[in-house]
Amino acid sequence: MKCCIRYKGNMDCVKKKRFMFCVMFFVSVLTFSVLYRLQVRIGFLMFSTKLTPLSFMCLNEKKQQDTQNNEDTSNTDSESSTKCDLNGIWTIKPDGRLGNQMGEYATLYALAKANGRQPFILPEMHSYLAPIFKITLPVLHQDAVNLISFKEYWIHDWMSEEYNHVDETFLKFTGYPCSWTFYHHLRDDIRREFTIHDHLKKEANQVLHGMKGSRTDVTYIGVHVRRGDYVSVMPNVWKGVIADRGYLEKAMGYFRKKYKEPIFVVTSNGMDWCKDNIDNSRGDVYFSGDGNESTPGKDFALLMSCNHTIMTIGTFGYWASYLVGGEAIYLTNFTLPDSEFLKLFHYDAAFLPEWIGIAADLSPLLH
Ligand SMILES: *[C@@H]1O[C@H](CO)[C@@H](O)[C@H](O)[C@H]1NC(C)=O
Ligand SMILES: *[C@@H]1O[C@H](CO)[C@@H](O)[C@H](O)[C@H]1NC(C)=O
Ligand SMILES: *[C@@H]1O[C@H](CO)[C@@H](O)[C@H](O)[C@H]1NC(C)=O
């Protein structure tokens, strides 16, 4: 550069300067476009997570609209800006089996609504629930899940006022929420979300119809006896008990007294225990669930087609009771008062006030 100033009119030098300028310009454009492409493809620069994925989603939506409304040029901008009102992505960590996942789904549904945010479920939850229920929440694509860094937000299993005022754009709830206190004001929505697919409903109704025989005034009572891992976890970890034969006898006695021709439809993941411990001398008990934990839809459909419910412990029976909407009998006070379980689980948040609680016999824990 200096040389050009000192020797004005030196054509070689001016050419060289122009040439250098062109090279620099070309290299800058190339570098910029390579970096831009890299950023768009793999996002190697991390900007604040506040806006990037949302902006992309809104951009896509706008593009689609622009191409749709090609001829109709009026108002495209304001239309797309009102349509793209996505103000966040809220989801929940899928954890546990059917009853837990239902609780997580319903809680996400309600808390997102309370905070005016858009709920999405993760693909794992969709593959668990969608084969059984006609759920409607949108599913986040795995690519989007990988792109977004969610703020995790742990919730306990009962509603708190603070959950109505959560201010996060990209939020993932964690925990095992299931309590009706989150969503009972939206009960109709929740029951619609958990409508069972027609083929499962049809199959369950055929099974129930087959039990009826010559009875004319039948009342079906779904009985869910949760055993499996709880048989050892309750006493050993939580200083608690699970349902025993005394509880089931009392609960069934209530319905036998109240209805002329009750039929008890038992589902369990410990059917052998049920057959040994449930009195069927009246011939009104049907051990019909297959208890297969990898295909819970069949047993759940059976319970949901009944008129009333007897639950023991766990979220599977809870959900059957909640969705059936008839009378429900539950086991309560099933841990010692100093159990750690009571820090995670509140009886009044777990069971509806109108349901009938029968206190557990804790005597096995005392010896
Ligand atoms: C449970 O169902 C699955 C899928 O239909 C089947 O492969 C498996 O053998 C069943 N398990 C039992 C214990 O019946
Ligand atoms: C009880 O359940 C059966 C089977 O789902 C149904 O057909 C019947 O209408 C129900 N009865 C009442 C009183 O709801
Ligand atoms: C369970 O325990 C609570 C607190 O001790 C008590 O008020 C309640 O009556 C008990 N429930 C039943 C069904 O016995």
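User: Which residues surround ligand 2?

Analyst: In this predicted model, the residues around ligand 2 are Leu 208, Tyr 220, Ser 305 and Asn 307. This shell divides into two nonpolar residues, two polar residues and no charged ones.

User: What is the phi of Asn 333, and where is Asn 333 found?

Analyst: The phi of Asn 333 is near 45°, a positive value in a residue other than glycine. Asn 333 is found in the loop between β8 and α15 (341-344).

User: Why does Asn 333 count as partly exposed?

Analyst: A residue is buried with 20 or more other C-beta atoms within 10 Å of its own, and exposed with 12 or fewer. Asn 333 has 15 C-beta neighbours inside 10 Å, so it falls in between and counts as partly exposed.

User: Where does Lys 239 lie, and why is Lys 239 called partly exposed?

Analyst: Lys 239 lies in the loop between α10 (230-238) and α11. Lys 239 has 18 other C-beta atoms within 10 Å, so it is partly exposed. Its phi is positive, near 50°, in a residue other than glycine.

User: Is Gly 240 buried or exposed, and what makes it so?

Analyst: Gly 240 has 24 other C-beta atoms within 10 Å; the cut-off for a buried residue is 20 or more, so Gly 240 is buried. Gly 240 is found in the loop between α10 and α11. Leaving aside residues up to four places away in sequence, Gly 240 touches Met 234, Pro 235, Phe 334, Thr 335, Ser 339 and Phe 341. Gly 240 and Leu 365 are 125 residues apart in sequence, yet their C-alpha atoms are 7.2 Å apart in space.

User: Which residues of α11 are buried, and why are they said to be on the same side?

Analyst: The buried residues of α11 are Tyr 247, Leu 248, Ala 251, Met 252 and Phe 255. They cover an arc of only 115° around the axis, which puts them on the same side of α11. An α-helix has 3.6 residues a turn, so residues three or four places apart point the same way. On the other side of α11, Gly 246, Gly 253 and Lys 257 are exposed.

User: What do the buried residues of α11 pack against?

Analyst: They pack against β4 (218-225), β5 (261-268), β7 (308-310), β8 (328-332) and β9 (356-359).

User: What makes helix α14 largely enclosed by the rest of the structure?

Analyst: Helix α14 covers residues 315-324, and nine of its ten residues are buried, so the rest of the structure largely encloses it. Among the buried residues are Phe 316, Tyr 318, Trp 319 and Tyr 322. The buried residues of α14 pack against elements including α5, α13 (297-304) and α16 (347-350). Gly 325 follows α14 and has a positive phi, near 80°.

User: How many residues of α5 are buried, and why is its span said to agree with expectation?

Analyst: In α5, 14 of its 17 residues are buried, and the helix is mostly covered. Its 17 residues, 98-114, should span 24 Å at 1.5 Å a residue; the end C-alpha atoms are 24 Å apart, so the span agrees. Just after α5, Gly 116 takes a positive phi of about 65°.

User: What confidence does the prediction carry, and where is the pLDDT below 50?

Analyst: The average pLDDT of the protein is 88, and 85% of the residues score at least 70. The pLDDT is below 50 over residues 48-52, a stretch with five contacts in the model beyond near neighbours in sequence. Residues 59-65 also stay under 50.

Conventions:
Residues numbered from 1 in each chain as written. Chains lettered and ligands numbered in written order. Predicted model: local features only at pLDDT ≥ 70, side-chain atom pairs only at ≥ 80, totals over all residues. Near = placed C-beta within 6 Å. Nonpolar A, V, L, I, M, F, W, Y, C, P; charged D, E, K, R; others polar. Helix = DSSP H or I, 4+ residues; strand = E, 2+ residues; numbered from the N terminus. Expected span 1.5 Å × (residues − 1). Arc of directions from axis to C-beta. Contact = placed C-beta atoms within 7 Å. pLDDT = per-residue confidence, 0-100.
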